[in-house]
Every structure is written in structure tokens, then in C-alpha cells.
Amino acid sequence: MLKILTCFKWVVDEADIRIDAGSRRLILDRVSYKISPYDRNGVEEAMHLQELHGAAVAAVTVAPPTAKSCLKDVLSRGPDKAYFINDPSFTDLEPSQTSAVIAAAIHGDIEFDLIICGEGSSDLYTQQVGPVLAEKLGIPCATYVNKLTYIENENRIVAERKLDDGIEAVSIPLPALITVLPDINTPRIPSLKQVLGAAKKPVENITLDKLGQSFHPCLQTIGVLGATMERRHLMFGAQPEEIGSLISALLKDGVIA
Amino acid sequence: MAGILVFAETREHTLELLNAGVNLARDLGTKLVAFALGNEFAPEYISHGADEVLVLQPLAQDQPLESYVPVLAQVVREEDPDVFLVGATQRGKEIGARLASQLNTGLCSGCIGFELDKEKNLLQMERLLFCGLAVQKVICTTRPQMAAVAPRVFDRAPLVEGREGKVREISAMPFSPVTVVSRTPRAREAVDITEAKIIVCVGRGFEKKEDVKLARDLADVLGGEVGCSRPIAEELRWLPEDVYMGISGKKVKPDLYIGVGVSGQIQHVTGIRDSKVIFAINRDESAPIFEAADYGIVGDLYQVVPILIEELKKALNK
Amino acid sequence: MDFEMTEEQELVKANIKEFCEKYVEPIADQVDQEARFPAENIKRLAEQDMLGIPYPEEYGGAGSDYLTYIITIEELSRACAATGFIVEANTSLACNPIYKYGSDAQKKKYLAPLCKGDILGAFALDERGVGDDAAVTAISDGNEYVLNGVKTFVWNAANAGLFIVFARIDKSSGTGGVSAFIVPAGLPGIEVGKDVKKMGLRGVPSSEILLKDCRIPKDNLLGQEGQGPAIAGTALDASRIGIAALALGIAQSALDESIRYSKERVQFGQPICNFQAIQWMLANMATEIEVSRYLAYYAAWCYDQDMPHSKEAAMAKLMASETAVRYSDSAVQIHGGMGTIKGQKVERLYRDAKITQIHGGTSVFTKMVIADNVPGW
């Protein structure tokens, strides 16, 4: 039976972020968290494969222990079990660290045929964890997939990648990893029974000492500030004369002729 | 210091990265090296700033571009460059990430700009967070320092007549267990929205598909093109995917962007933030687009746009 | 005292919000203006296990609790009160009597399809006569009861697959003989009257049902003969908590709209949310909504603990419905002329709010229930 791991990240809901007008600091006191929307597509794709081919699906995440409410959330979306790789130091990790942690947890202990990741996470959107994890596990990968087919008797997948110049369909032998685009599927809204059923599914806790190594970042953040757009904010009325003045301003700016 | 390396999927993108690398190379006192996907590109890369061009072996029909990863990694280990810039197309992003992993170094994805800290010889790289809400500055403590830079973040390098440089062939063969089964080129629209100097953007304020004509009329008077926000293309399908602007769509840098009935969510604004002038029309005073605009009119687009077209015709003598 | 929702309740609330944004909100205005029953969303809600939330899985329910159900009604009503009410009537008025008083066989036969949303249930209590006394009769005849009479204000009669009908088994016995019956729709002798044109909750049809020599098997008696008032009382207590949630959703929506509008609307050079008068109105709104919320949640908690809850349910409904009426009115005020225009959400909220003060027991009636139950009175 096909064994699928679906990776997800518990992220800050960017709609709750406030920016201090003076210092441009990010204010994160009242933020709520969610499963990164791109990962919802990944989980849904794993469930789609389960429905078609009878696969076993496990969700995997790297997070601080305080993030444990992510588990019932992800389990309500279909996976049979979840791996909660957690440690208080697992906050603001860089993609190379996240991938190293997941690889360390998987190595030798967790069997898999296919790993599915979202194309990126909605907070950092580095789009690195998928390909870097594949490298660390020594498996091939396909990124930006918007259509996936599992060829059962040949133990391979055919993935259609939506790239800048068109669709590239690739064939990959398993075990492999893919990252998926939002247009690959429409994630379900879990039903009430699916939410209630989440509590009954097993969760395996994997802690830092079990991994037996430390994970150092290569990048160092030296600043995070709210993005500004220095714009003039000049408002005009909707009457013809006012619009005429606006047009004069545009002519003066040299953007129309 | 053993050089600034540059790799991109297309010739145009390589020329842009050469521009990004030229000052860096000068400040670090090192050479600027570009990878080329064929001999034919070498002279142009040299005349646009490359001191050296490394020509890669051609790919077999069924090999994806990412087959170059082991080859690039080997070159980096031999050359030990200080900086490696990768062109962030979809393929480029995968290549950059996998390369960084193989080299045990960090990659600044979606790099929108960088500055050299000359004292420490460290690149301070900038990228966006939270769908464009914030800007993050990072440095890389390992080598090479890597950044993935999207197309059109930099202008192409200027042509310098009579420049000389070395051309070297890389003999290592590209390899990947992934095979390409088929390629279906994107039906190119006649219009490339990223080239347009004036863009009229259709937002959710438009009530039906037929009304997009109003945006076209406005664009025609100005000699501009019509684009849209993501929902108009992806959900309503009133316009092709090619012309939607935003964090997951096109990034544009026109002289003038006019958002008509566009609310201005951060995901969209991220795609248009480099426009020279932003002008917004929306009937909701509190629409976020006005925060991002130079000029704004609060009003019903169905009333404002026809008047705007009339007044423009008069002002531009059309 | 733990005032936090469980993880499951948080997830359900988030899911229902997403569901409303995707499916309920986009048609809410149309449902109201065209008085259209939102059949497609009721079907989707059934698929989401939302039509029998507090009932056990063995009878087709979701096996959840009353508080989760109340949270769901609140969110649904925030988007579209009509949709919230359809679910509430099915769950609290139709399912509840069968769950509390039905035999195992009746639960399996009638409760399961209601919980799964295969059919919708309706509650037929009110009559043309004065007050809440039943005048419809159910006369015993061999193995059957024969029902005659007219029931009024039967919400969702037109779409019901099953009615809970309260009838007197003996013409002369006053309320003592009132009993409850499970009456499947479509039987000979049942006629569903025309929908009445209503002020609010226009997406839920409401009409009379006319019973003329309608025969039902004796097996369809719910509980014992004469247990009707107790059964009605239990259902109404449960439903009052549901109506409280309905009103709460309406009130919350009124607040949401008022905040949004007051930030946009500029008068005398500033957004009106800067004016003290508006700020005080919004502060009062937010506070009383919070009070209504905790009263409703507390009543639901009592229900889940199997504690007596008539007083709490009546208080919750009284408070929430008064809040909904008062503040949907304020919301229209804040919107000025705009608030009276069809298609504006607050215009619909104002009309939807009123009925919450009336059905399930008028405010006057609920005060009587409270008075009966306040200790030391």
C-alpha cells in the first residue's frame, strides 16, 4: 500500500498582523494561527490518492509544543495519523533547518513512498523546504505540481508542473517528493464528524533528544519591518473638473502623453 | 574570493543578473561568471559584464533543467565563489534550493534587492514576508552566499563594447532520475503585461464580464494594456491568467497603474508596488488600495471611468 | 470554571465560518428578497453533519454537544438567519421530542433521517385559537388515531418530511389530554397551506397545515397520552437556547456591519467611528452582545450537564432577542438612509431580528417562565 507523508506548517494568520506606524515593527500579540493554505492543498492531494488507491496518509509538522492545536486541525482533514516533531526551540526556523529536522525524524524510522508539500508557506514563502528535504533524503522531486497521477503497477508518479513557459509533465520513480500548487485541488471543509474523529487518531511525538543532533541556521535575520509604500495619497473628487485636475497631474508626472 | 556566479534559465534573465552582479564583483574585487546554456550566448554575456562564461552541456530531450544541479554543485565546489545568484523562475527556484542544500549553505529566496556591507564583505539581502506585508533583511553566514532573484527585479546590464572574457566548457554531464514526458507551451497571449507602460487593472468592483470593455476603452485612450487581480482571472475567468498581477501572478513596473474597482489586498499590491504612479478608483473609502496609491477617486467606477475617458480624450487631443 | 471553547469547538466555528463565506453569504440576500428556501445549502449542511449535531451517532446524529450546536447556529445566523433557523427548527423542535421521549424504534425510524438531513422536520403546536392551547384532535379508532384540525405558523411545513403534531385525544379534556404525534408528510388528509409573506426569515416558508381525517398508526404516539405539554415544554426550552443563538448571530452581524460602515463613512471630514455618539453605541452593542453570548452558552452548558435549564434558556432567549432587535435598529441608524435600502445587510437584519422576540414564546411569556423559576420569588 502506498505510504504518503504530507508536510504542513502552522503559521501566523497574516490578516491579524498589525504594523506600528512609527517604528514599522510587526505587532504579533493578537495573532491567530492556521495551517498554511498551500499545505491544505497538499493534505487534500494525499487524501485524494488515499481515496483512489487506498494509501496510508500521515501528516508531519515541525513546531514548538505550544502549536499542538494544529494536530486536531490537520487530522480532521483526513490523515490517519500525525507526527508532531516538536521542541520549544522550533520557532522561526529557516527552511534548511526545517528540512533537516524532518529528514532526521524520517531517516530509518518512518517509511514512505511519497512526500507531499505545499509549494511554499504563506508566512515566509521561501519555497525551499520541499526540494531541500528531497535532497537531504536523497530522493527525486518535482515542484509546482498541479496534477498528479500515481501509476500503481510501475511504482512511479507522473506529475504535471505548471511552469513559467507552460506545462512540463515529468515521470519520477518512487520514493519521491512533490510540492503542489493551489490549483491542484479544492481542500474540503471538514465535516463535524471529521472534526470529532480527529481526537481518536494517533499522534506520535518526536522530540529534539530523539533526533540526537542540533540544527544550525545558515541565514541570520538582521531586521524585519513592515513594508512601506511611499505614496502621495492625493484624493480627487469624481466630478469632471476634479478629474481634469488629476489628468493634469498625470501629465506633469510624465506617465501619460 | 573566487567570484560571483550567475545562473538563469533564459538569456534575458541572465543579462539582468549580470547587472546585479557587476557592482558586487567590482566592490569585492573579484570576477563575474555566468553559466550559459549554449556557446551562442557567451559573446553577449561577456559584452554585458561577464568576465567568464561557463558553457554547460546540452540537455537530452527528456531531461528537465534541474538535471544541472549536480553539475552546478560540482562547479561551485571547484570555484568556491563568494556569491551565487540564481534566476528565480519556477525551475530556478528548485535548482537554487537543491543546490544550497547540497552545498550546505543558505539561500535567500525571492530576493528583491541587496546591499554589500563592505566592512564584513557580507551581502545584506532583502525579501518579502507575510504575502508582502513585511520586508526581511538577511545575511548568510556560510559560503557561497546565495540569492534567488525573480525576473525583472533588475534591469538588464548595459552593453559595453569591446569587453573581453574567457569562455570555458563544463564537461560534466547533467543527470536526473526525473524524466520529462511532455511539454505543453503556454498559449502566449499577444500581450505581455510585464512590458506595458500603462496598465488598467480590472478588480472585483466590476459587476459582469461585459463591463471589462470599460477598462479596455480606458486602456485604449491611454495606449495601455488591461490586466486584473487574481480572482478575475482564476475564479471568474474574465481575463487570461497571463494578465493577473500579484504575489502569485505577474510583477509589473509600469509608469502608470490604474486600479479600477480593485480593493488592494496585500497579495495584489505586492505585484504592482514598483509602479511609478498608482491611481485607484473604488467606491469604498476604506479600501486598502488607497493606502498604496498616489492618486485616488472614491466613487462608482461606472460613473467615474466614462468621465475619465472623456476628459482624457480632451486633454490628449484624441 | 473553564470559559474556553474546546479545540473541537474552535475548529467547528472556523469551519462553519468558512462554509458561510463560501456558500451562505453569497446567496443570503437573494434568499431573503426572493423568499427562496436555500435547499442547496441545507443539503451541504447535512453533508457536513450539521442537522443533528447534539444527537448520538447511533441515531444518525454527529454525537457532539449542545454548545457546539449553539456555536454553529450563531455562526450560520450571522451570515443568514433564515438558514440558521432552518437548522435550529429541525434540531431543537423536531428532533428533540423524538430523542427525549421516543422509543428506540421511533428514534431509529424517524430521528435518524432527520439528523442525517434526508428529511426535514417541522413543529406543529400553534393553532388559530387563543394562546398556546391545542384544539386539534387525535381521536382513537382501532389501531389508529384520526387527526382533525388546523395548525398555524408551522415553519418549513412546505419542505417538511415529518411533523411533530400536538393534539387533544379527547375533545373535552383541556390541556390534560394533549399528546404528541409523529406525522409523516404526504399522508392522505394532510394539506400544507400557502406560505405567508413574512417580514423576516423570508427564506423559511411558514404556513398552516390542515388535517382532515388524517390517519396515523398508534405507534406514532410520542411518549404517553397526555404527555404533550411536557414534551412541548422540553422542546421549547431547548429551542429557546437555539433562538438565543439565532438572535445572537443577528446581533453580532449588526455589530460587524456597524463597525465596518462607521470606519468607511466620512462626515465633517472624518470617519464617523471617531464621533463619541457612535463609539458609545458600538460599545453598548459589543457589551450586550457579549452578555447575550455567555448567557446562551451557559444555558447550553446546563443542557449538556442534564441540569434544569428552563430559566436559563428563557433568560438567554429574552436577552439575545432584545439585543438583536435593539441593535439591528441601531445598525440601521448608523447606516443612515443607506440602512433602509433593500440589499443592505442591516435592512435584512432589522426585519429578521423581530421574530426572535416572538417565536418559541414571546418575550412576555419568557418573563413568566423566568419568574416561575427564580428562587425565592
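User: Before we start, what counts as a contact here?
Analyst: Two residues are in contact if their C-beta atoms, placed from the backbone, lie within 7 Å. Keep in mind that this is a predicted model.

User: Which strands of A and B pair with each other, parallel or antiparallel?
Analyst: β11(A) pairs with strand β10 (residues 179-185) of chain B. The sense is antiparallel, over 6 bridges.

User: Which residue of β10(B) stands opposite Glu168(A)?
Analyst: Arg183(B) stands opposite Glu168(A).

User: Where does that pair of strands sit in the sheet order?
Analyst: The sheet is open and has 10 strands. The order is β13(A)-β7(A)-β6(A)-β1(A)-β8(A)-β12(A)-β9(A)-β10(A)-β11(A)-β10(B), with mixed pairing.

User: Why is one side of β13(A) and of β10(B) left without a neighbour?
Analyst: β13 (203-207) of chain A and β10 of chain B stand at the edges. Each has a single partner strand, so one side of each has no neighbour in the sheet.

User: What's the average twist?
Analyst: The twist averages 30° from one strand to the next.

User: Take β8(A) and β12(A). Parallel or antiparallel?
Analyst: Parallel. Strand β8 (residues 114-118) and strand β12 (residues 176-180) of chain A pair over 5 bridges. Within β12(A), Ala176(A) is the bridge partner of Leu114(A).

User: What does α4(A) touch on the sheet?
Analyst: α4(A) packs on the sheet and touches β8, β9 and β12 of chain A. Its direction makes about 70° with that of β9(A).

User: Back up to chain A as a whole. How many helices and strands?
Analyst: Chain A has 7 helices and 15 strands. Its C-alpha trace spans about 70 × 40 × 40 Å along the principal axes. Of its 257 residues, 46% count as buried.

User: And what share of its contacts join residues at least 24 apart?
Analyst: 68%, among contacts in chain A between residues at least 6 apart in sequence.

User: Switching to chain B. What are its domains?
Analyst: The domain assignment gives domain 1 (4-169) and domain 2 (193-315). Their centres, taken over C-alpha atoms, are separated by 34 Å.

User: How many residues are in contact between those two?
Analyst: 6 residues of domain 1 of chain B are in contact with 8 residues of domain 2 of chain B. The side of domain 1 divides into 4 nonpolar, 1 polar and 1 charged.

User: What about the domains of chain C?
Analyst: The assignment gives domain 1 (7-120), domain 2 (121-225) and domain 3 (229-373). The C-alpha centres of domain 1 and domain 2 of chain C lie 23 Å apart.

User: How many residues are in contact between domain 1 and domain 2 of chain C?
Analyst: 25 residues of domain 1 are in contact with 19 residues of domain 2. On the domain 1 side, α1 (7-33), α4 (81-101) and α5 (104-116) of chain C each supply at least two residues. The largest share, 13 residues, comes from α4(C). That side of domain 1 divides into 19 nonpolar, 4 polar and 2 charged.

How values were computed. Residues numbered from 1 in each chain as written. Chains lettered and ligands numbered in written order. Predicted model: local features only at pLDDT ≥ 70, side-chain atom pairs only at ≥ 80, totals over all residues. Pairing = 2+ DSSP bridges. Helix = DSSP H or I, 4+ residues; strand = E, 2+ residues; numbered from the N terminus. Buried ≥ 20, exposed ≤ 12 C-beta atoms within 10 Å, placed from the backbone. Axes fitted to C-alpha atoms, helices over the stretch in contact; angles between N-to-C directions. Domains from an automatic or database assignment. Nonpolar A, V, L, I, M, F, W, Y, C, P; charged D, E, K, R; others polar.
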